[in-house]
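Welcome, and take a moment to look over the chain before reading on. The paragraphs below walk through it one region at a time.

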Amino acid sequence: MASRLINKYVWIVDTILRHRRITRQELNELWIAAKDISDGCEMPRRTFFNYCKAIESTFDIDILCDRSTYEYYIESDDNRGDIRDWLLDSFSISGTLSNSREIASRIVLENVPSARDFLPTIVDGMRRNRRISFQYRAFDRIGTTVINLDPYFIRIFRQRWYVIGLNHKSNDIRTYALDRISDVVILGDTFPQPPITAAEYFKDCFGIYHDKGTPKKIRIKVLAEQAKYFRALPLHPTQREEIHDQYSIFSYKMLATYDLVQALLSYGYRIEVLAPKSLRVMVAQELRRALEAYPDTQEE
């Protein structure tokens, strides 16, 4: 029942956003036509206003009315925040898929490690500024380790959830993947607000990893056919492009981290790191190690 209500809220928000401005009568006609949401029934005036209140409390989105035209709209707000956009996208996609069961055999989804078991507890600890404890299974170690953490941030990156916070044993900020933790509990100890925001912490990062170095001026030569993918999905907000006949040069200012190296390697010969030299060397070393695994394929 709750998920069905959420789907209705998302449908209303999505419809108003797509039309930008719409009267209640026009919205009601579209509502009746969307039988998978409305069962073909009208949306009474009182129900609509109740839904608007629920949308405000659930998604922090105000549905406003222009009294001169009696059109409803959602005022643009650049400070809405990524989490609200993510919630709306997730619920919207979930509703679309749940109403498409008759073509389920034609929809292929990616297997994403679940965070449902521990994410609510971690979020609760963050909300209350309470320390958490959990068992962590690192891939490079045997067995598990008990981690006591002040949970500062959570982040999803490439379909995996992470919690980032102050590790009390090492006394530094560390990152842990939620699909490798177990037995999460909230402790009685409290901690002050994080010294920086999540946006500040990750502003120089490509992905999830953060190091203590300084951001580098990075330049990457990209073949023309690959450049359009970089334009569509920038590696970092600082991305800038110089267009040439057969290639483009993309420049950034960010940390040269391990996950950036792995991302660059995935493009193969279609890119070349021009600067800094340290990043160029890191990528070249990984390429040489990969080539050493295929000695029988090297030309004589």
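**Starting from one lysine**

Leaving out residues up to four places away in sequence, K221 touches Y247, S248, I249, R270, I271, E272 and L274, where contact means heavy atoms within 4.5 Å. This is a predicted model, in which local features need pLDDT of at least 70, side-chain atom pairs count only at pLDDT 80 or more, and totals for chains, interfaces and linings use all residues. Residues are numbered from 1 along each chain as its sequence is written, and side-chain values use heavy atoms, with hydrogens and water left out.

K221 lies in strand β9, which covers residues 216–223. Helices (H or I, at least four residues) and strands (E, at least two) are DSSP runs, numbered from the N terminus. Is K221 buried, exposed or partly exposed? K221 counts as partly exposed because its relative accessibility is 28%; buried means under 20% relative accessible area, exposed over 50%, and partly exposed in between (1.4 Å probe, protein chains only). The C-alpha atoms of K221 and V273 are separated by 6.3 Å, although the two residues are 52 apart along the chain.

**The four-stranded sheet**

Now look at the sheet around this lysine. Strands of a sheet pair through backbone hydrogen bonds, either parallel or antiparallel. Here four strands form an open sheet in the order β10-β11-β9-β12, with antiparallel pairing; two strands pair if DSSP finds at least two bridges between them. At the edges are β10 (240–243) and β12 (271–275), each pairing on one side only. On average, neighbouring strands of this sheet are turned by 25° against each other, direction ignored; axes are lines fitted to C-alpha atoms, for helices over the stretch in contact, and angles run from 0 to 180 degrees between N-to-C directions.

How many bridges join β9 and β12? These two strands pair in the antiparallel sense over four bridges. The bridge partner of K221 in β12 is E272. Helix α10 (residues 277–292) packs on the sheet and touches β9 and β12, with its direction at about 145° to that of β12.

Q226 is found in helix α8, residues 224–232. Q226 counts as buried because its relative accessible area is 10%. Apart from neighbours within four places in sequence, Q226 is in contact with Y267 and R270.

**The five-stranded sheet**

Next comes another sheet. Five strands form an open sheet in the order β7-β6-β5-β4-β8, again with antiparallel pairing. Its edge strands are β7 (172–177) and β8 (181–190), and each of them pairs on one side only. From one strand to the next, the twist averages 45°. Helix α6 (residues 119–128) lies across β4 (130–136), β5 (145–157), β6 and β8, running at about 95° to β5.

Strand β6 (residues 160–167) pairs with β7 in the antiparallel sense over six bridges. The two strands form a hairpin with four residues between them, and N171 in the turn has a positive phi of about 60°. Along this pairing, G165 stands opposite R174 in β7, while the bridge partner of Y162 in β7 is A177.

Y162 is found in strand β6 and counts as buried because its relative accessible area is 8%. Setting aside neighbours within four places in sequence, Y162 has contacts that include F153, I154, R155, F157 and I208, as well as T175, Y176, A177 and L178. Y162 and L178 are 16 residues apart in sequence and 5.5 Å apart in space, C-alpha to C-alpha.

**A pocket beside the hairpin strands**

Which strand gives the most to the lining of the second largest pocket? That strand is β7, with six residues. β5, β6 and β7 each supply at least two residues of this lining. By class, the lining has twelve nonpolar, seven polar and eight charged residues; Ala, Val, Leu, Ile, Met, Phe, Trp, Tyr, Cys and Pro count as nonpolar, Asp, Glu, Lys and Arg as charged, and the others, Gly among them, as polar.

**The chain as a whole**

Stepping back, the chain has ten helices and twelve strands. Buried residues make up 34% of its 300 residues.
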